[in-house]
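Biologist: Please show me the model, and let us go through a few of its local features in turn.

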Amino acid sequence: MAKKLIGDPINRIDGKEKVTGVARYSADIKRLDLVHGVLVMSTIAHGRIRQIDASATMNVPGVVGVMSHENAPKIGGMEKNKNSAQATDRVLHVFQDDQVHYNNQPIAMVLAETFEAATEGADRMRIIYDVEPLKPELPANIDKAVKPERLPREDDQVDTQRGDMKAGMGEATVHFNETYRTPTQIHNALEPHALVSYWEGDKLTMYSATQAVSSTQKRVAELFGIPRDNVRVICQYIGGGFGSKGTVFSQNMLGPLAAKFIKRPVKLVLKREHMFGMVGSRSATVQRFSLGAKADGQFTAMGHHSIVQTDDFDDFAEPAGVISRMLYAVPNQETTHKFIRANIGLTSPMRAPGEAPGVFVLECAIDEMATLLKVDPLALRLKNYAETDPHRNLPFSSKSLKACYERGAGQFGWAKRNAEPRSMRDGNHLIGMGMATTVYPVNRGESSAKVQLNADGTVRVETATQDLGTGTFTILTQLVAEVFDISPDLVTLAAGDTRYPEAVGSGGSRTTVTTGSAVVQVAKEVLTKAKKMALNDTKSPLYATPESEIMIEKGRLYRKSDPRKGELLSSLLKRNGGKALEEMQESKAGAEKNKYSMYGFGTIFAEVRVDEALGEVRVSRLLSVVSAGKIVNEKTARSQMLGGMIWGLSMALHEDTLRDPRTGRIMNPNLAEYHVPVNADIKEIDNIFIAEEDETVNPAGVKGIGEMGVVGSVSAIVNAIYHATGKRHRDLPVTPDKLLV
Ligand code: MOS
């Protein structure tokens, strides 16, 4: 069996259900006697609820109840609802007190026989507040920044230092020191957060749109103070999450709480507007970056100091500086993180949390340094190429970045770029070409899986994982099919439900790395069992063959030295009583984690066309070339890359969350005024994978790609705008008003 480093681009196994409308998303779940819940959100950003008047609401025909802090059932595990610096376990607002910490905080829920009645009832709620002074946003409060206790990932230090920063800067002949800003971003998944919850005695079932069925089960049980097994979470389909469904946010408690309150099943679907606050956001940042280089381009010192904005009640600190520690071979370095608190909705991971805003700064700064040094930006990156991880002092498990640069530059036509800014023009349009490095760590968590090889040659796999929309269900069947070298059609996957073995949450590009490895590991165990069965079976052509001598091809075991000697797995199992062979195991990183530094690497090239009279930027070409271990399915992987790059374009040019500084109120909580790209914004866009064999990284040989697309695209586009116009933009998004100044 030949090793395939770039796997077949097969269609999604759930593609037909999705396009024919058969797929039932969480909001599609029906239940007898269902009540519809609609949330009422705070209109102030800081203060207390003095009075709730629901009389007009209760007069709306069909309204059956209003739940607020005045009457909501008390939650048994409320002591667990406290500050957490991790991405998971966030502080939730679940009607247990009268405090308001941000605009658009859920403060009541109207329950009605129809969605329309609940909506009208919610509109008729009258709330009186006692308003308290606002904690303002960046940069007003920048002097209040403090060092967080930790960053979300335990292994990431808050501050780092290596070498001697001062001496390093002293050695430099060219110095660079600038400050960049990025805004609050809202995930805006296409599918709104939705769940249907019902209790049967003290047992809770939730059909919930979540990136993490297993950890939702754990957290919801913990907060209710009930045994974990009493909670079942099901999620068969998700319409995007990007971090906003990665952890338990308030709605995942408010749904079941309302079901308890009204003693009926409750369907709760967030409105678009409700998604601006309670379900997370990417932190605004102010980042100061300094870089020193010798005349030949060698970096001598680098400083990356991030101030990130977080909410008033939790401790999530966007890890913006972590990639600067490892991407280039720079001997002297200082990176720090501080945060400030403001009366804003929850900050949280959002597609490449830390890496996206941090690498925007790093990769723009390197472009700026290339300008100062008058060298090609790609040549400058090669000059400072890190052959080993300079932060952890470890070899990389694999790194094919040079091949990516080379392929990308060739494909994109980088050599045709005239280095001089404003030198390329087409009629009214200034043309610019920019590039950047992209990178993302391999985050392997823990997942369990059960694999069952049946006597008819089919395989059943069980694991609780959800499919975030990336194609997880499809590629897990592919990975298992490869172990037995059979068609993926012969593999059935049972997933998206906590009744199956626990699996990691789909965040941090973790799923293929973690759950993919789990299914491969367990499938290989089952295959080993089959080999042992054959070599112990006197009736098998493989009787007494050493296990290491037994190979598999197309579901048939055979002897390596004599391939004619062998038999189908199905024949073997049928002769041995017809029972299935099965195995269940937990799978997680081992010693390799401390011996190697593991990242996916790549590069993004961007071409922009700028109309200076209109301040309009069009990204005419976007190309990524990435290496990320084995690519399981070229089609779904490509979708991930293109989607991520469109995210990068969106961060560079469009997205901004506007709050009124006087009231803390969100001014654009809708897709009319919060801009994301549409089809017309995307021109030529392409991705190339560089095949990479990495046997160390994990059993599946894969690195995550969900976040690689966004990381480098932002800076590639902003660098291209500089090349087109000769004007540097250090404040995202680069909107027309900024281009016209
Ligand atoms: Mo993500 S932000 O790791 O869902």
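Biologist: How many of the twelve residues of α5 are buried?
Modeller: This is a predicted model, in which local features need pLDDT of at least 70, side-chain atom pairs count only at pLDDT 80 or more, and totals for chains, interfaces and linings use all residues. Residues are numbered from 1 along each chain as its sequence is written, and side-chain values use heavy atoms, with hydrogens and water left out. Buried means under 20% relative accessible area, exposed over 50%, and partly exposed in between (1.4 Å probe, protein chains only). Among the buried residues of α5 are Val-213, Arg-219 and Phe-224, and the helix is mostly covered, the buried count being nine.

Biologist: Which elements are included in what covers the buried residues of α5?
Modeller: Helices (H or I, at least four residues) and strands (E, at least two) are DSSP runs, numbered from the N terminus. Contact means heavy atoms within 4.5 Å. The cover includes β9, β10 (203-208), β11 (231-234) and α6 (250-262).

Biologist: How far apart are the end C-alpha atoms of helix α5?
Modeller: The expected span of a helix is 1.5 Å times one less than its number of residues. For the twelve residues of α5 (residues 213-224) this gives 16 Å, and the end C-alpha atoms agree with it, being apart by 16 Å.

Biologist: Is His-193 buried or exposed?
Modeller: His-193 is found in the loop between β8 (174-182) and β9 (194-200). Leaving aside neighbours within four places in sequence, its contacts include Ser-244, Leu-268 and Met-275. Because its relative accessible area is 1%, His-193 is buried.

Biologist: Which residue has its backbone oxygen 3.0 Å from a polar atom of the side chain of His-193?
Modeller: A polar contact is a pair of N or O atoms within 3.5 Å; within protein, one must be able to donate a hydrogen and the other to accept it, and residues adjacent in sequence count only if both atoms are side-chain atoms. At 3.0 Å from the side chain of His-193, the backbone oxygen belongs to Ser-244.

Biologist: Is Lys-554 buried or exposed?
Modeller: Lys-554 is found in the loop between β23 (550-553) and β24 (556-559). Beyond its neighbours within four places in sequence, Lys-554 is in contact with Phe-484, Asp-485, Ile-486 and Leu-568. Since its relative accessible area is 61%, Lys-554 is exposed.

Biologist: What separates the C-alpha atoms of Lys-554 and Ile-486?
Modeller: Lys-554 and Ile-486 are 68 residues apart along the chain. The separation of their C-alpha atoms is 5.0 Å.
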